[in-house]
Amino acid sequence: MNHSASENKNEVSRRSFFQLTLGWLASTFAVAASAAGAVRFLVPNVLYEPSLRFKAGKPDDYPDGSVTFMEDERVFLVRQGNTFRCLSAICTHLGCTVNRADHGYHCPCHGSVFNDQGNVVSGPAPRGLEWFQVTLSKDNRLLVDKNQRVAADKYLVL
Amino acid sequence: MNDLSVRRFYGWFTALGLLVGVLVVVGYYRDEYREWKEYQRKFIQEEIRRASTPQQRALAESTPVQIRQILLTDLNRVDRCTTCHLAVEDPSYGGYPQPLAYHPLHEQHPFERFGCTICHRGQGRATTVADAHGNVPHWDQPMLPLQYIQASCGQCHEAADNPAAPELARGQQVFEDSGCRGCHKLNGVGGVIGPELDKVGARRSPEWLKKHFLAPASVTPGSAMPPQIFSETNLEAIILFMLSQTGESAPGYYASMRVIPSASEGQRLFQQKGCIGCHSIGDQGGKVGPALDDVGLRRPPEWMMQHFRDPQTVSPGTVMPRFGFTETEARALTDFLVHLRDQKVALSLPSLMSPVERGREVFRKYGCAGCHGADAKGGVPNPNAKTAEQVPGLIYVADGYTKDELKKRILNGQREITALDPKRPPPPLFMAAWAGIIKDSELDDLVAYLFSLKPKEENPGF
Amino acid sequence: MNAPLPKRIWQWFTRTRVGRSIFRVGLPESNLERSQAMVSSFLLHVQPAKVNRHSLRASYSLGLGLISLYLFLILIVTGVLLMFYYVPSTEKAYDIMKDLQYVVSAGLVIRNMHRWAAHLMVLFVLLHLCRVFYTGAYKRPREFNWVIGVGLFLLTLGLSFTGYLLPWDQLAFWAITVGTNIAGYAPVIGLKLKYLLLGENVVGQEALTRFYALHVIVLPAVALLMVAVHLWRVRKDGGLSRPDEPGDIVQQVELKQLPTNKSYGLMELARGTTPQVGQNPEDEVFSWPHLVFRELLLFLLVTAVVLFLAIFWNAPLEELANPIHPPNPAKAPWYFLGLQELVSYSAFWGGVVVPGLLVTALMLLPYMDRQRKGVGRWFARERAVANTIFTVCLVTAIVLTIIGTLFRGPNWGWVVPWEQPPTITEGH
């Protein structure tokens, strides 16, 4: 009855040792990998919302010195001479869409006022409006990327 | 107790544990290493190779490997072709092998608004080459062979209007000339012997269509359709035209953009708006405004455009009202007037035509030539029909019928066609009843035309 | 050598304070602990502390009930994951299936696992039913558990059927059209039942919504409950059937507190055919580790098989459902093809009477069976008649299903499967 004796003494043969260790390692790995796989499954790879990178038409569509509001994307396209910039129209206070004023931008909800650089002049907004990256696409369209926030002095020069 | 000891199962445990572990790893690899990632990596390598500045190189190196898609909610599609076809917008990739080639001529139809599959068909949601190109089981819209690409223009644009799709226009011409409408309805007009053609382009492949035209019975057993004789060019053109009939409707934005300002569109507008009420062409029309026959010689196109936008600005004191034309409509009308001197354009205005000429158009509209032959000369086979196994020509109807009898005959049709040999199957083609389909005025004109077909008495002296 | 590393790690953990708070009994090392591990654990206490050694024999039960249960668990896990993407909308469902295949990480594998586990579950529940029949394990005192089992079989078919519609492709749409039409043949309630199932007169959005609700919550909840009762009854009826059971000798145990300084828990107080009744000590072994380890192995095997199938064979997805283009022939899911074949002979007799009688006969079987002998053995001689009748019915059902699958083509006419494609779609 040496088998039952060794069972009780928490000892196993060398072969059993390897078999069990390997078996448990493999099984635990499989469970962990499956769990990781299930989590990765839940992370979406494509989004069904309008893309954050979009084309804003040709550079010549925008007159010199203009500030053009793009309603669906909630941004302003600003042209001065040969420079192009893109300013977010979403107020940093609680998310309303700001309006263009003669100089700067006013938010109709709680009265925040921003200057032409997007900085807060007055009102409850905690920080300035965001600038987004503007580049030129391969087919010569303005390409705005709302994923990329840039400093106010980084603009596209044509 | 010994034979029940679990120790003899340890080996099984190891084996099964390893098996599950291995399978999980295999599953992971198959999921992770997808075809499209390879194509993207090749593109990134190419971009790095072509980079001429450090910034360009950095930009290329930081390009993420991810699925790219064009979301087209109005068209109810998602196109993921750009996951592999990464350089479609970059002219510097012209001439590269697919999938990295540049796609020219997309100015009118930017990819962000149109995607790819609306023209090229295929399976936009797929991310493997075979599935995306659509020549796979259980996908009934494989990619259109490139030679038929003009068919897609016809989904939104009028076939005859599009200067960029001459084959499509030719296809429509062949369709009308061959009288297919005599048996098939298209856009609500036509006969009922064959099926409607409104969605044929979505259901049938080019190969099927070709076989169908050349030998209908080989693809549709028991078909009454006679084999068609086309030149190679006309055959391809009519296949193309059929492929363009997909039943897709252009929603909202697309419908508003689809009018091509061409002379034929201008002619339609000219009819629609009743310009002939005040202006004359030839000896027809009103005297309120000037005659338009030579307006293309007298006025430059810019003047005409402004005239359509606001007549007062170029003709102060004129009584011509402001119609509120869109730019496209104005351009179409201008184009029409500029080409008014061309014979063909002028004569197709129904209000200017004689009953016989109108009747010829009715003959064409309802596709009578499909059974009664081009110019009603007959020659279309109808196996086992007593009338020389052919559908009879109509040249001599004036001899056999009065006008009223002929009208009745057209309205009532003739379902039973006398068979030559009662033992053989009955003749497949018959005269459909056109009551309820053809209008009374059209019927009068048609009869006038048919009566005019009788050749003048030959000179007995010859 | 010392115990293997994983075991030592676990032993260490279950002696820490956190470990002890979760696992009240660590890795058992004495018989007492082996009993306690089973009885004091929530998940494990569906098993008894000890089982009869006969029940452990794979050649007896073939583990079919366990396999069915594991498949059900796999279906629940994969099903819940799929619920994070799937929407029961006729506009969206098909596109989502395509997305699962092309853009969702592991989407294809998880969908495949779900589909293959579903088919396997229908098969293995049926096999389990056959095993229980052939071993006479439905006889007294297990009659009601058999009835629950038949109910579970019908639930399995229902779950598979409701899930079949969800991809909203041609295969799904027409299979459910055929299936609900067959249901409509039932007298009196048939059309009402069909209307209730579909929510309208045709298979459309209403049907999809209802089938989804049935598939993800109603039927699984009922099934889980019935599985719980089913397993409970297995224990209370004396464990798996055995050849040497005392039969209908029911020993009444006096309900009184037995003097004890052992802690075997509930089992002392229970009445009736408890595992303790009529068992010889040599016949019993501790569930831990003998039963539990075998169960673990079987789970690994089932997982391996399902994974293997899922990785190398894709679940089918045909064209988008098109109500005006029926495939010819339109076929029900495979487990209903025998039924569809019967219906092709007579809607009433084949579709209503025969299946109705069969199901009723199945349910009433244990109460109609007077033969007491033959429990616990495969194909016992004493039960030759019953076994023969059952086998004839089973083989007939299989043959009908095979005919319906392979030998029926357009217009439900005869075809030879190796000479002709099985279906053509009208209009193509």
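This is a predicted model: local features need pLDDT of at least 70, side-chain atom pairs count only at pLDDT 80 or more; totals for chains, interfaces and linings use all residues.

Residues are numbered from 1 along each chain as its sequence is written, while chains are lettered from A and ligands numbered from 1 in the order in which they are written.

**Stop 1: chain B**

Select chain B and zoom out. Its C-alpha atoms fill a box of roughly 120 × 80 × 45 Å along the principal axes. The radius of gyration of chain B is 31 Å, whereas a compact globule of 462 residues would come out near 23 Å (taken over C-alpha atoms; the globule rule is 2.2 Å times the number of residues to the power 0.38). Switch to cartoon and you have 24 helices and four strands in chain B; these are DSSP runs numbered from the N terminus, with helices being H or I of at least four residues and strands E of at least two. Buried residues account for 32% of the 462 in chain B (buried means 20 or more other C-beta atoms within 10 Å of the residue's own, with C-beta atoms placed from the backbone).

**Stop 2: where B meets A**

Now show both chains. The contact takes 22 residues from chain A and 20 residues from chain B, counting two residues as in contact if their C-beta atoms, placed from the backbone, lie within 7 Å. Which element gives the most to the chain B side? Pick residues 10-32 of chain B: that is helix 1, and it gives ten residues. Color the chain B side by type and you get nine nonpolar, seven polar and four charged residues (Ala, Val, Leu, Ile, Met, Phe, Trp, Tyr, Cys and Pro count as nonpolar, Asp, Glu, Lys and Arg as charged, the others, Gly among them, as polar).

**Stop 3: sheet 5-6-7-8 of chain A**

In chain A, four strands make an open antiparallel sheet in the order 5-6-7-8; strands pair if DSSP finds at least two bridges between them. Strand 5 (99-100) and strand 8 (120-122) of chain A each have a single partner strand, so one side of each lacks a neighbour in the sheet. Find Asn99(A): its bridge partner in strand 6 of chain A is His106(A).

**Stop 4: strands 4, 9 and 10 of chain A**

Select residues 83-88 and 131-136 of chain A: strands 4 and 9 run antiparallel, joined by two bridges. Leu87(A) stands opposite Trp131(A) here. Leu136(A) has Leu142(A) as its bridge partner.

Note on methods:
A residue is buried if 20 or more other C-beta atoms lie within 10 Å of its own, exposed if 12 or fewer, and partly exposed in between; C-beta atoms are placed from the backbone.
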